[in-house]
Amino acid sequence: MVLSLAVGTYAFRLVGPVLHGRVELPDRVRVLLSAGAVVLLVALLATGALTEGGEFAGWARPAGVAVGGVLAWRRAPFVVVVLGAAAATALRAAGVP
């Protein structure tokens, strides 16, 4: 099973360089692929930020994600984004669930 997964992963990685320049995607497909990537990333963010063990993670974690997102959107330096998100998430230590 592991060997078949390894072969499949290698095949996916090999397809990009092999087909580069040979396959031309229409502009509409490129736009849809970009939108799909954004949707998947947002879904992953929401799942990681809001759930823990299949249940609601509490308010501290979504608050930390929201603070980090707003700081990143406002183009704050990376260190400020990380420290702001950590400070907001530290509300959990203060008793916020």
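Is Glu-24 buried or exposed? Glu-24 is exposed, at a relative accessible area of 65%; here exposed stands for over 50%, buried for under 20%, and partly exposed for what falls in between (1.4 Å probe, protein chains only).

## Ground rules

This is a predicted model, with local features needing pLDDT of at least 70 and side-chain atom pairs counting only at pLDDT 80 or more, while totals for chains, interfaces and linings use all residues. Residues are numbered from 1 along each chain as its sequence is written, and side-chain values rest on heavy atoms, with hydrogens and water left out.

Helices (H or I, at least four residues) and strands (E, at least two) are DSSP runs, numbered from the N terminus.

## Two salt bridges

Searching the whole structure turns up two salt bridges, each being a side-chain nitrogen of Lys or Arg within 4 Å of a carboxyl oxygen of Asp or Glu. Glu-24 pairs with Arg-30 in one of them, with 3.3 Å between the closest N and O atoms. Arg-30 is partly exposed, at 42% relative accessibility.

Arg-61 and Glu-52 form a salt bridge too, and their closest N and O atoms are 2.5 Å apart. Both partners are partly exposed: Arg-61 has a relative accessible area of 23%, and Glu-52 has 45%.

Helix α1 has 18 residues, and its first and last C-alpha atoms are 26 Å apart, close to the 26 Å expected at 1.5 Å a residue. That expected span is 1.5 Å times one less than the number of residues. Just past the end of α1, Gly-21 has a positive phi of about 90°.

A nonpolar surface patch of about 750 Å² is built from Tyr-10, Leu-14, Val-15, Val-18, Leu-19, Val-23, Leu-25, Val-29 and Leu-33. Patch members have over 30% relative accessible area and no salt bridge; nonpolar side chains (Val, Leu, Ile, Met, Phe, Trp, Tyr) are joined within 5 Å, and like charges within 9 Å. The areas come from the Shrake-Rupley method with a 1.4 Å probe, and for residues only the protein chains shown count as cover. Helices α1 (2–19) and α2 each put in at least two residues, but α1 gives the most, with five. Val-15 sits in α1 and is partly exposed, with a relative accessible area of 42%.

## Helix α3 and what covers it

Helix α3 covers residues 60–73, and its 14 residues should span 20 Å at 1.5 Å a residue; the end C-alpha atoms are 20 Å apart, so the two agree. Its buried residues are Ala-60, Pro-62, Gly-64 and Gly-68. Among the elements covering them are α2 (27–50), β2 (55–56) and α4 (78–89), where contact is heavy atoms within 4.5 Å.

Which residue just after α3 takes a positive phi? That's Arg-75, at about 60°, and Arg-75 isn't a glycine. Most residues other than glycine have a negative phi, and most peptide bonds are trans. Arg-75 lies in the loop between α3 and α4 and counts as exposed, at 76% relative accessibility.

## Helix α4: one face in, one face out

The 12 residues of α4 should span 16 Å at 1.5 Å a residue, and the end C-alpha atoms are 17 Å apart, which agrees. Val-81, Gly-84, Ala-85 and Ala-88 are its buried residues. Looking down the axis of α4, they fall within an arc of 95°, so they line one face of the helix; the arc is that of the directions from the helix axis to the C-beta atoms. An α-helix has 3.6 residues a turn, so residues three or four places apart point the same way. On the other side of α4, Val-79 and Leu-83 are exposed.

The cover over the buried residues of α4 includes α3. Val-80, also in α4, is partly exposed at 39% relative accessibility. The C-alpha atoms of Val-80 and Gly-68 are 8.7 Å apart, with the two residues 12 apart along the chain.

## After α4

Gly-95 belongs to the segment after α4 and is exposed, with a relative accessible area of 59%. Gly-95 and Pro-62 are 33 residues apart in sequence, and their C-alpha atoms are 15 Å apart in space.
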